[in-house]
Amino acid sequence: MTRREGNCDRVHELWGAQASGAVLSEEDRRLVEEHLEQCADCRVEAGILEEMAFDGTSGPAPELDDLSRRRWIDDVMDMVPSQDSRTEKVSQRRTLRIPSYAAAAVIAFLVVSAILWSAWPSFVALSSGEEAIDYVAPKKLAGTILLSSGDVRVGGEVLGLGSPLEQGSRISMAGGHAVMELADGISVFMDEGAQVEIRELDQTLVDLFVESGRMLVQVDPDHDGPPLLVSTGDGSISVTGTVFSVAVVDGRTGVRVYRGSVKLKNGTGPARPVRLGEEAVLGREGVTHFSKDGESAVSSMLRTLEILTSREGIALEIDSVPVGAAVLVDGVELGITPVRASVRAGYRRLDIKKEGFESVRELLELGVERKLTRVFELGDLPRVEVASSVTSETVRQKASGSKSVSTLSSANSATPAEMIARAQVFRMERNWAAAVKAYGDLINAHPSSAQARAALVSMGNIQLENLKKPRAAMRAFNAYLARFGKGTLAREASFGRANALRALGKSSQERAALEAFLRDYPDSILAQRVKTRLGEI
Amino acid sequence: MILHMIPGEKASFRSADKEADVGMMSLAASGYKSAQRQIVDRLLNRVRSTALYLAGGHHDAEDYAQMAIIEILKSAGSYRGESTLESWAQKITVRTVMRQIKKRRWRGQFMVVSEEYEGTTDDSAEMELSRRRALQRVALLFGDLKPGVRAVMTMKLVHGYSISEIAQMLDTNEHNVRYRLRVGRQKLRRRLKNDPVLREWIGEERQ
């Protein structure tokens, strides 16, 4: 053991003693201080521990803006019993105590009669030598529609909020999508083209038969209701608590698990588990790990499920002239007008967007009334010339004070925070071109802002992965690295740059970029992927 | 230079006016929404951060934080002002989150990381985001520790409670708390030693 390591141990001992409440002597204190001056490892540890100490305001949890904070609190308040409901419960209990002796006597008589009546067939059966079968039919449940957008039908009838969903209901997504809650804690997001039948819906089981199409199922692991069975022509999927998607296409059933696990069963064979991050085809052996493709769509659906509720939800009916506008609540796309949704109460940001028309934004206070209906007449958008992409050159021009070649839209006067929020909305809508343009506007308007840095990397990622424009992506990543080489997103930019070179077929440059990445970030979680790629080229 | 920063030394958190807090909690227990809302607003940051450390960076930390807040509101009537509201709430938070973690037994899969800047436009926004990301990374390192060790580490290193307070909150003895703290610190130290990101971040901050 070296002398320095020995000192480390001694210092840690002293820290431990101090953490346990001991007061260090002057000598020990000096030893710690001197050691910290010399030992980088201990300085890092001390620094991290110092930062970890909670100062009453900021910690590791992502920051909530005013609206998110209000929403967070609203969600909690929804789940806490109010004064009114408590008073109500107490008064109900008091009412139940009122029955007089006469009423009690009548109840006793009825109970005795009922026992005798129910026991009679068993007595007859026993006396005739037959076995008594005690069967109580499970109580039927009713499902609820939480969201409908476009042409959605139940049993041929156009679906709306509150349309009855019961055992035997057939639901068809002709030209839209819907979210239904089948039982407490079981929600299903049905995508366009899905056709399902509720085969069983009672206290003991929810059995959903998928004829065709795709859907995302979310089951709360703590739900108290019946278990869920999703069946198709190929077999069945049994679920406890999890998030997974089912796609029945061309007679094949594919299953992907995003949280928890499910069990697949077909024919008489044993059930096989499919776990988080795995996908399988019903009726075929083996499971594989799926790629990240489509994960944004899934997270968008999950966010949609989060803002919907059947318990004291506010019925929101949104329409537009012309129809077909995207409806977003708190940045989450609910669908295309007309949209009917049962939304959690609280302050919500409503956006209505349609290409070629002016967008509308409104802050809604949901909860004042049980139902809110809005019809928006969308005005034509004035024609504005805009640059299709932003290069590092334009960024430099703007930074140096010269006039940019880009003609900015009305977003010019917006703050960086507003502009990045606008770009994020486009991202959530998967409107990649608009998102790139919005990021470009931000970079041009506020080139030295912190948001512009993040925008460069986000723009590069979209151009590479979604728009398949590796050259444009390269420009964005290069611009970031040139200006903020040691910024917080340098790792993402370096990795993105290597991927862009790969897409451009520049193997030698890609290799150099990957090697540089490994050198700069050897412990990055991306390092393994980089090593694998280096082995391939 | 970090000479004055010695771990375990920092244990400063504001002591609220207990009498006023007892009154407010009593109103909350009676179902007054405004009192409940005030309490949630006051404890929100503390509970969310605690939940994230306890959950080892798991994305369910927000759910746990909500459950903890609901438990705090449900128990509001039992607050007698014997300790600060924050300490009392901390105890409930740790118990609620630990119960949920045991129930679910899910390993951390996703980390909630704010990808872009949404706050102010000055450099302080970037510094704050960078600090938050570093702490999120520490929370992920916590994911490798046992839940009981995580709880002790969070209460000691994040919230600065004494060994005896932690033992009382977790219904265990002081020896056990010291043991868990020692084990947790050793593991964290090893991790930090091999984490270039956190090292670099601290280096940048200090230079």
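How are H10(A) and H11(A) oriented relative to each other, roughly parallel or roughly antiparallel?

## Getting started

This is a predicted model, in which local features need pLDDT of at least 70 and side-chain atom pairs count only at pLDDT 80 or more, while totals for chains, interfaces and linings use all residues. Residues are numbered from 1 along each chain as its sequence is written, and chains are lettered from A and ligands numbered from 1 in the order in which they are written.

## Chain A at a glance

Chain A holds 15 helices and 19 strands. Helices (H or I, at least four residues) and strands (E, at least two) are DSSP runs, numbered from the N terminus. Chain A has 537 residues, and 37% of them count as buried. A residue is buried if 20 or more other C-beta atoms lie within 10 Å of its own, exposed if 12 or fewer, and partly exposed in between, with C-beta atoms placed from the backbone.

Two residues are in contact if their C-beta atoms, placed from the backbone in the same way, lie within 7 Å. Taking the contacts in chain A with a separation of 6 or more, 49% are between residues 24 or more positions apart.

## Two packed helices in chain A

Now back to the opening question. Helix H10 (residues 432–445) and helix H11 (residues 450–465) of chain A have axes that come within 9 Å and cross at roughly 150 degrees. H10(A) and H11(A) are therefore roughly antiparallel to each other. Here, axes are lines fitted to C-alpha atoms, for helices over the stretch in contact, and angles run from 0 to 180 degrees between N-to-C directions. Angles under 35 degrees count as roughly parallel, over 145 as roughly antiparallel, 65 to 115 as roughly perpendicular and the rest as oblique.

On the H10(A) side, the residues making the contact include A:Trp432, A:Val436 and A:Tyr439, and on the H11(A) side they include A:Ala455, A:Met459 and A:Ile462. The residues of this contact comprise eleven nonpolar, four polar and no charged. In this grouping, Ala, Val, Leu, Ile, Met, Phe, Trp, Tyr, Cys and Pro count as nonpolar, Asp, Glu, Lys and Arg as charged, and the others, Gly among them, as polar.

## Strand E3 and its partners

Strand E3 (residues 170–183) of chain A is mostly covered, with eleven of its 14 residues buried. Strands pair if DSSP finds at least two bridges between them. E3(A) runs antiparallel to strand E1 (residues 144–154) of chain A, joined by ten bridges; A:Ile145 has A:Met180 of E3(A) as its bridge partner.

E3(A) also pairs with strand E4 (residues 186–190) in the antiparallel sense, over five bridges, and here A:Met180 is partnered by A:Val188. E3(A) and E4(A) form a hairpin with two residues between them, and A:Gly185 in the turn has a positive phi of about 90 degrees. Three bridges join E3(A) to strand E5 (residues 195–201), again antiparallel, and A:Ser172 has A:Gln195 of E5(A) as its bridge partner.

## Chain B and one tryptophan

Chain B has nine helices and zero strands. Of its 207 residues, 44% are buried. For contacts in chain B between residues at least 6 apart in sequence, 71% join residues at least 24 apart.

B:Trp201 sits in helix H9 (residues 196–206) of chain B. B:Trp201 counts as buried because it has 21 C-beta neighbours inside 10 Å. Leaving aside residues up to four places away in sequence, B:Trp201 touches B:Ser130 and B:Ala134. B:Ala134 is 67 residues from B:Trp201 in sequence, yet their C-alpha atoms are 7.5 Å apart in space.
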